[in-house]
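Hi,

Here is the structure I promised to pass on. Have a look at it first, and then read my notes below.

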Amino acid sequence: ATCERYAVRRLPFARLADGDVAFFERLMPGRVVTGEEEVKPFNVDWLKSVRGCSQLVLKPQTTAEVSQILRYCHERNLAVNPQGGNTGLVGGSVPVFDEIILSTALMNQIISFDKVSGILVCQAGCVLERLNEYLEEQGFIMPLDLGAKGSCHIGGNVATNAGGLRLLRYGSLRGTVLGLEVVQADGSALDCLTSLRKDNTGYDLKQLFIGSEGTLGVITAVSILCPQKPKAVNLAFLGCQSFAKVLETFTTCRAMLGEILSAYEFMDEKCMELVERHLKLSSPVTDSPFYVLIETSGSNSTHDEEKLNNFLEQAMASGLVTDGTVATDDKKIKMLWSLRERITEALTHEGYVYKYDISLPVGKLYDLVTDMRARLGQSAKNVVGYGHLGDGNLHLNITAESYSHSLLDAIEPFVYEWTARYSGSISAEHGLGFKKKQFIQYSKPREAVVLMQQFKAMLDPKGILNPYKTLPSALESSTC
Ligand code: FAD
Ligand code: MLT
Ligand code: ZN
């Protein structure tokens, strides 16, 4: 049984039959995965915290194949779980029961890139890091960057509306994605793959699919606006003695760095301890309760360095920052970024990770960590905070040797009530997936949830696309 931990019952979808597998084998010979061991990696999420029991993975190469798969599944009433790089953190990327996994792993072709406009059109299964490497050769970069870049697919990024490390500078995918091609639940393709900056002809339908986590359609291609690769990148890694100083450093650097500021990230000392212990990374900046990472990206290194140095002088002189290092060369920049980017990985070495991704008024950001630490006491191994401070986004993570229901009860719904009290969001960037869908009401009014359910019913009347995810269901008891 998959879902003892969560009370959920399998919906009355059809069960996979031999004839179904034979149909798919004919449709895409050699790209149909069966067998428990072969399917297993697709059934388990990155955090190894949820597991489905699908018996079939399909790897289409073209939009036409995705259409044929969905037309067939729609007719047969077979449930489907779209999957990209399977790096999602809310249990949305793996089946809950026996849903067929539709993987975009082989939809990895770049369709076009226009050097004048900076607009890239590609299939949904392109790996984010490969796209960035391709663009760098032409003097451009992707407008988003995240720790999972080596595995996540652009389609998965769009489906989750991933934020990441560059959002402060280049904005969210809701602005940079210009067009999408989507296959709907009944197999019909919707071609909204335009490459226009401006297009006010009717409703902006692509926005419905951005962040819809595979519940409204399968994204098959993406048109995205890419910025120029900055000529000068600098990174400052600094130590602060209190969270109040982290905040004041942010306001000071925003004022002094202006348009060249491209990231403002923070982590607490516990995060640093974990990346050093588990990943053998070593930080040149030590002995601080908080660390901040400030990145500048611009077109003139002399100008940018002068601005950064002026800021650093002021920050040191006024006692905002007590220790720090600056990097301008690629190798050191990468090394410093890894201290922040690899916290997620370091945490998994500690046992079971309870992961929260919260938007809050920036001044309240760390109070939630402090309150949670006091609340949980010795029952948690670690209570840590890090995240995209410049975007008002806290990653609160709690670890324990293994999963415990009583610890979960101590955390939830407290964490959601706390967030709602300050009008925050219970999911800033990871989505709701399977793990958080029952808590949507902490961040959305009932009327909004009802409207979402109506959209879902209209676009996927049989509910075959990523069932049990994103939208709340009545709680029921379960077996697989
Ligand atoms: P998957 O995990 O495969 O799927 C995610 C969801 O999208 C699922 O619901 C799935 O059904 C759906 N989906 C996938 N592809 C499609 C498609 N083509 N059409 C329709 N639906 C689809 N997120 C952030 O926002 N910011 C971060 O900084 C960040 N850092 C991360 C760092 C690490 C180390 C890890 C492991 C994850 C991180 N994430 C972050 C989580 C983030 O959601 C994913 O990394 C990424 O956006 C998901 O892409 P994916 O291809 O792996 O999608
Ligand atoms: C990050 O910012 O590191 C990611 O969102 C992953 C995480 O929350 O651990
Ligand atoms: Zn994040």
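This is a predicted model: local features need pLDDT of at least 70, side-chain atom pairs count only at pLDDT 80 or more; totals for chains, interfaces and linings use all residues.

Let's start with ligand 2: around it sit L89, R340, T344, K355, Y386, H388, H395, E429 and H430, where a residue is near a molecule if one of its heavy atoms lies within 4 Å of it. By class, that shell has two nonpolar, four polar and three charged residues (Ala, Val, Leu, Ile, Met, Phe, Trp, Tyr, Cys and Pro count as nonpolar, Asp, Glu, Lys and Arg as charged, and the others, Gly among them, as polar).

Residues are numbered from 1 along each chain as its sequence is written, chains are lettered from A and ligands numbered from 1 in the order in which they are written, and side-chain values use heavy atoms, leaving out hydrogens and water.

Back to the ligand. An N or O atom in the K355 side chain is 2.6 Å from an oxygen atom of ligand 2, and a polar side-chain atom of H430 lies 2.8 Å from a ligand 2 oxygen. On its own ligand 2 exposes 260 Å², and the protein buries 87% of that (areas by the Shrake-Rupley method with a 1.4 Å probe).

Now the domains, whose bounds come from an automatic or database assignment: they are domain 1 (18–106), domain 2 (110–225), domain 3 (232–343) and domain 4 (350–434).

Cheers

Terms used:
A polar contact is a pair of N or O atoms within 3.5 Å; within protein, one must be able to donate a hydrogen and the other to accept it, and residues adjacent in sequence count only if both atoms are side-chain atoms.
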